[in-house]
Amino acid sequence: MTNVLSIAQRQDQLVADYVATTEFKQVFIHELFGFDEPLKGFEDATQIPAEAHPLTPTLDPDYVFNPSLVRRALLSMAARESIMLVGDKGTGKSSFVQQLMARLNRPLLTINAGPGVDESYLLGCKTIEDGSVKNVDGMLSYAVRNGIPVLIDELCTLRPGVLVSINDILQGDNLITLKHHGIDPSIDPKSILDMDGTMSIVRHPAFRLFATDNTGGKSQKDGRFGGVNTQNSAVRSRFTSFKVTFMAPDREVLALGKASDSQLGEDTIKSMIELGFRFRAAFEQGEAFDNLSFRELKRWAKKTALYGDINEAFVDAIYTNLEAGDQILAETLFETVFGTELELTEEYSTSAGDMLDAFIGASNSAAA
Ligand SMILES: Nc1ncnc2c1ncn2[C@@H]1O[C@H](COP(=O)(O)OP(=O)(O)OP(=O)(O)O)[C@@H](O)[C@H]1O
Ligand SMILES: [Mg+2]
């Protein structure tokens, strides 16, 4: 018999191997995330890997963290919970997970969900190699096996049944059973945990699961959420869900200033944020079809620095994407905030009728 270790012993072994092959350093969490005060429960130094992993996301030094969200997410991670971030577009859900991992020097595999992601993509399948049948891992099963945190981005775009098939992973089971493997009848049940080729995976203690979603998997009749599916409530109940909203205005001022490499004056940045919040307030009151995200404000600020023209930058970064009704609202708010009318680019001020008149006029004067 090759293998009689229990699940717990295997996990201890995986931790021991991880510690033996990783160099660690001591950090203060509040310093790592740029906060002045220690976070409750994280007053003492914490150990993190000394070096980034090749799969660690690129660190964005300008990312502005919310201390409360960081604290709750770290505590949830310590409890090995599956974490879902729910919120409107562009509120910083995906980037929060990426930047969390970047600061902690942890790897991250991101799975962009969508209707093409199925059980075999996540958990593996049988394939043919050199004429013989071989089992291969999916993205998720590979990560569970090797202790790589995973982000399932835009979870609601998965077909609902797919998530049910990973309920054991979502709820943190220490032994994951792969359906495609089947069981070789000659395997001794005591050897079923053998890492190579059996149907079971012992969850690596360093594995973590994150997901993001605009709707939280709930039913959505809102036209802004085309292509999302309502997820089984039993699936949702396996996540600890954090609501992510827009940053507070002063944090957005800070983040936008950094995003535009401090090329815009503080008054300009503040006016951009004011317009953003006026738009969001209108959305809350049901006066706008869609919300205005930080992603769009960031693009506006960057383009303003690039174009040297706040009007043109607004049109290309925000205005053209808006529904007709929201465009009118945007023009009104622009004037309220900046005290001048929004100067639309020439494409908006020239109609086919005007061009026809000019064309005919030019032809007539040539003929005269
Ligand atoms: N707190 C923040 N500090 C700095 N930049 C931020 C912050 N939050 C979001 N951003 C920036 O705003 C943009 C949008 O963020 P992100 O893609 O994370 O949003 P999201 O909530 O995942 O949106 P979606 O639901 O559309 O996927 C990114 O460029 C990100 O870097
Ligand atoms: Mg996202």
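Helix α10 (residues 249–259) passes α12 in a right-handed crossing, a crossing being right-handed if the near helix is turned clockwise from the far one by less than a right angle, and left-handed if anticlockwise. In this predicted model, local features need pLDDT of at least 70 and side-chain atom pairs count only at pLDDT 80 or more, whereas totals for chains, interfaces and linings use all residues. Residues are numbered from 1 along each chain as its sequence is written, and chains are lettered from A and ligands numbered from 1 in the order in which they are written. Helices (H or I, at least four residues) are DSSP runs, numbered from the N terminus.

The axes of α10 and α12 come within 9 Å and cross at roughly 40°; axes are lines fitted to C-alpha atoms over the stretch in contact, with angles from 0 to 180 degrees between N-to-C directions. The two helices are therefore oblique to each other, where angles under 35 degrees count as roughly parallel, over 145 as roughly antiparallel, 65 to 115 as roughly perpendicular and the rest as oblique. E252, L256 and A259 of α10 meet F294, L297, K298, A301 and K302 of α12, contact requiring C-beta atoms, placed from the backbone, to lie within 7 Å. These residues comprise 5 nonpolar, no polar and 3 charged (Ala, Val, Leu, Ile, Met, Phe, Trp, Tyr, Cys and Pro count as nonpolar, Asp, Glu, Lys and Arg as charged, and the others, Gly among them, as polar).

Helix α12 (residues 294–307) is also approached by α11 (residues 266–284), with axes within 11 Å and a crossing angle of roughly 150°. The pair α11 and α12 is therefore roughly antiparallel, and the crossing is right-handed. On α11 the contact is made by I269, M272, I273 and G276, and on α12 by L297, W300 and A301. This contact contains 6 nonpolar residues, 1 polar and no charged.

The chain is divided into domain 1 (7–244) and domain 2 (249–349), with bounds from an automatic or database domain assignment. Their C-alpha centres lie 35 Å apart, and 8 residues of domain 1 are in contact with 11 residues of domain 2. The side of domain 1 that touches domain 2 holds 1 nonpolar, 3 polar and 4 charged residues.

Both domains give residues to the shell around ligand 1, so the ligand lies between them. The shell numbers 18 residues, the closest being K89, G92, K93, S94 and S95 (C-beta atom, placed from the backbone, within 6 Å). Helices α4 (93–103) and α12 are the elements that give two or more residues to this shell. Its composition is 5 nonpolar, 8 polar and 5 charged.

Methods
Two residues are in contact if their C-beta atoms, placed from the backbone, lie within 7 Å.
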